[in-house]
Amino acid sequence: ISLAPHLALSFDRDKRDQELKTAKLELMLGEARMAALRSQLRPHFLFNSLNAISAYVETAPAVACSMLEQVSDLLRMSLHHHESREIPLYEEFAFLGKYLGLQKLRFEDRLEISIRMEPDASAALVPTFILQPLVENAVRHGIAMRHERGTIEVNAWRNNGDLGISIRDDGPGLPAKWTIQELGTGLTNTRERLDALYGKGGQDRLNIRNAPGGGVLVNLTLPFHVEETLPGK
């Protein structure tokens, strides 16, 4: 009796088991990487916020108190979603609105804010708190370095199977021969998170360039999906 069919069947079964184990390991490593990337945001954001508040404690205590309230709200929202890989865009925008409210207190009349989200994009799932480091970069490089009023615009829309998000400032723009590393760890972190969630291609999903008319334009392109359509739900 030939053993070849039995050996072939056993080999196929062992191969499938090994592939399944490898896939589970990759998933576990991916989840661990995502958790590490998310955890980097909180101390970084908290340090920057407290550093900004300290400048107002003696000169403008009322502003410092308002900023502390905003930070408290932001941390509460962060803790509520600290294990979430993705959240609906409307919750992401709520967090972003709180963050920009904090920056508005800091820069007062020097900062103009515009946030627009098309209704059919509001339920789209996005990586948790993906926009805060991108907007923080716009504040740091587009607003903080100038004395006149600056504007930050955030827009979100659905484009067939994709979700488009843009962040624009009207600051001095990108330096010549810039690299993403020179613009801060937040952007590198964001690209790595996109790779971890959606596969390699973070460079295509996160596009940074000088905007027409001045400033920097950041375009984020994500696969459009809502909670009800996620696999396994």
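These legends describe close-up views of a predicted model.

**View 1. An open five-stranded sheet has the order E2-E4-E5-E7-E6.** Pairing within this sheet is mixed. Strand E2 (111–117) and strand E6 stand at the edges. Each has a single partner strand, so one side of each is left without a neighbour in the sheet. From one strand to the next, the twist averages 10°.

**View 2. Strands E4 and E5 run antiparallel.** Eight bridges join E4 (residues 150–159) to E5. Asn159 stands opposite Asp162 in E5. The loop between E4 and E5 holds Asn160. Asn160 is not a glycine, yet its phi is positive, at about 55°. Its relative accessible area is 66%, so Asn160 counts as exposed.

**View 3. Strand E5 also pairs with E7.** E5 spans residues 162–169 and E7 spans residues 216–223. The two strands run antiparallel and are joined by seven bridges. Leu163 has Leu222 in E7 as its bridge partner. In a regular strand, side chains alternate between the two faces of the sheet.

**View 4. A hairpin is formed by E6 and E7.** E6 (residues 206–210) runs antiparallel to E7, with five bridges joining them. Ile208 has Val218 in E7 as its bridge partner. Five residues lie between the strands of the hairpin. Gly213 takes a positive phi near 90° in this hairpin.

**View 5. The loop between strand E3 (125–127) and H4 includes Thr128.** Thr128 has 1% relative accessibility and therefore counts as buried, the cut-off being under 20%. The Thr128 side chain reaches the backbone nitrogen of Glu86 at 3.5 Å.

**View 6. Phe129 is found in the loop between E3 and H4.** Phe129 is not a glycine, but it has a positive phi of about 55°. With a relative accessible area of 8%, Phe129 is buried.

Terms used. Residues numbered from 1 in each chain as written. Predicted model: local features only at pLDDT ≥ 70, side-chain atom pairs only at ≥ 80, totals over all residues. Heavy atoms only, no water. Pairing = 2+ DSSP bridges. Helix = DSSP H or I, 4+ residues; strand = E, 2+ residues; numbered from the N terminus. Axes fitted to C-alpha atoms, helices over the stretch in contact; angles between N-to-C directions. Buried < 20%, exposed > 50% of the residue type's maximum accessible area, 1.4 Å probe, protein only. Polar contact = N/O pair within 3.5 Å; in protein donor to acceptor, adjacent residues only side chain to side chain.
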